[in-house]
Amino acid sequence: MPAKNESFLLYLLAAALILPVNIYLIGEEGLGAGLQSSFLRYQQTYLGTSVITLADDLGYVTSGIIGGRSAFSILLWALGTALLLVAAGYLIYIRYTGVTGSRRSLALLTIGGAVAYLLSCIAQYGPGLHGPAGLAIPVGVPLIVAIAVYILKAEGMDDEPEYEEEDEDDWEETEEEE
C-alpha cells in the first residue's frame, strides 16, 4: 500500500515541475521580462507577449536558430527538467511496485535538477546572474533544494531495512554457548 509520505513527495515534485523556477529580465536596457517554469516560458518584450514551450526552445536549438550560450543554457534547462521527471517517475515506480526505494537516489536526482537549472541561469546571464544578457532570479532553485532535503529527512522511505542491534548481553550469551 502506498505510503502517505510518498504521495506528499510526489505532490512536491509535481509542484517543482509546475511552479515558476526563474524570473528574468532581458538585456540591460530592459527589453523584456519573463517567468520560466520547467516546461515553458512566459515573456513580455517590446515585440509582444509570448509563451514558449521547452519543446519549441529545443526545436530552435536543433534547427540552429538559437546557438552559443543561449543554446547551452536551454540544453541545461532541459537536463534539469529531465532529472526532475526521472525523480518523479522513480517515486511513482517505488510507490506502485512496493519496492523499497532509496531516498538518496531520489534526493540526488532532485538536487541534480536544481543544479542544472542554476547552471542554465549562469550560462545565460553569467556567474553573478547579471550581465549584458540581463538578470536572472532563480527563485525556484532554493525551493527544489528544500524539497530534496525534505526527501532525505522524510520518514517512511528507508534506504535499507533496519535490523535489530545486538546487545552486549546477547554477545555474552553466544560466547558462553561456545
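Here are some questions and answers about this predicted model.

User: Let's start with the strands. How many bridges join strand 1 to strand 2?
Analyst: Strand 1 and strand 2 run antiparallel. Leucine 25 gives one example of the pairing, with alanine 33 as its bridge partner in strand 2. The number of bridges joining strand 1 to strand 2 is five.

User: Which residue takes a positive phi in the hairpin of strand 1 and strand 2?
Analyst: This hairpin has five residues between its strands. The positive phi there is near 70°, and the residue that takes it is glycine 27.

User: Alanine 33 also has a partner in strand 3. Which residue is it?
Analyst: Strand 2 covers residues 32-36, strand 3 covers residues 40-45, and five bridges join them in an antiparallel run. For alanine 33, the bridge partner in strand 3 is glutamine 44.

User: How many residues sit between the strands in the hairpin of strand 3 and strand 4?
Analyst: Strand 4 covers residues 48-53 and runs antiparallel to strand 3, with six bridges joining the two. Among the pairings, arginine 41 has isoleucine 52 as its bridge partner in strand 4. Strand 2 and strand 3 form a hairpin with three residues between them. For strand 3 and strand 4, the number between is two.

User: Is valine 51 buried or exposed?
Analyst: Valine 51 has its place in strand 4. From leucine 35, valine 51 is 16 residues away in sequence and 9.7 Å away in space, C-alpha to C-alpha. Because its relative accessibility is 53%, and the cut-off is over 50%, valine 51 counts as exposed.

User: And what is the relative accessible area of threonine 53?
Analyst: Threonine 53 also lies in strand 4. Its C-alpha is separated by 9.4 Å from that of serine 37, which is 16 residues apart from it along the chain. Threonine 53 is partly exposed, with a relative accessible area of 29%.

User: On to the helices. How far does helix 3 reach from its first C-alpha to its last?
Analyst: Helix 3 covers residues 68-97, which makes 30 residues. At 1.5 Å a residue, the expected reach is 44 Å. Just after helix 3 comes glycine 98, with a positive phi of about 80°.

User: Is leucine 129 buried or exposed?
Analyst: You'll find leucine 129 in the loop between helix 4 and strand 5. It has a positive phi of about 60° although it is not a glycine. Since its relative accessibility is 16%, and the cut-off is under 20%, leucine 129 counts as buried.

User: Which residues are the closest to the centre of the largest pocket?
Analyst: The largest pocket has a volume of about 410 Å³. Its lining takes at least two residues from each of strand 1, strand 3, helix 3 and helix 4. By class, that lining has eight nonpolar, seven polar and two charged residues. Of the 17 lining residues, the closest to the centre are Arg41, Gln43, Ser70, Gln124 and Tyr125.

User: What is the volume of the largest cavity?
Analyst: The structure holds one cavity of 30 Å³ or more. Its lining includes Phe39, Arg41, Asp57 and Trp77, and strand 3, strand 4 and helix 2 each supply at least two lining residues. By class, the lining has five nonpolar, four polar and two charged residues. The volume of the largest cavity is about 30 Å³.

Key
Residues numbered from 1 in each chain as written. Predicted model: local features only at pLDDT ≥ 70, side-chain atom pairs only at ≥ 80, totals over all residues. Heavy atoms only, no water. Helix = DSSP H or I, 4+ residues; strand = E, 2+ residues; numbered from the N terminus. Expected span 1.5 Å × (residues − 1). Pairing = 2+ DSSP bridges. 1 Å grid on protein atoms, 1.4 Å probe; cavity = no way out; pocket = protein on both sides within 12 Å on 5 of 7 lines; lining within 4 Å. Points joined across faces, edges and corners; volume = space filled by probe spheres on them. Nonpolar A, V, L, I, M, F, W, Y, C, P; charged D, E, K, R; others polar. Buried < 20%, exposed > 50% of the residue type's maximum accessible area, 1.4 Å probe, protein only.
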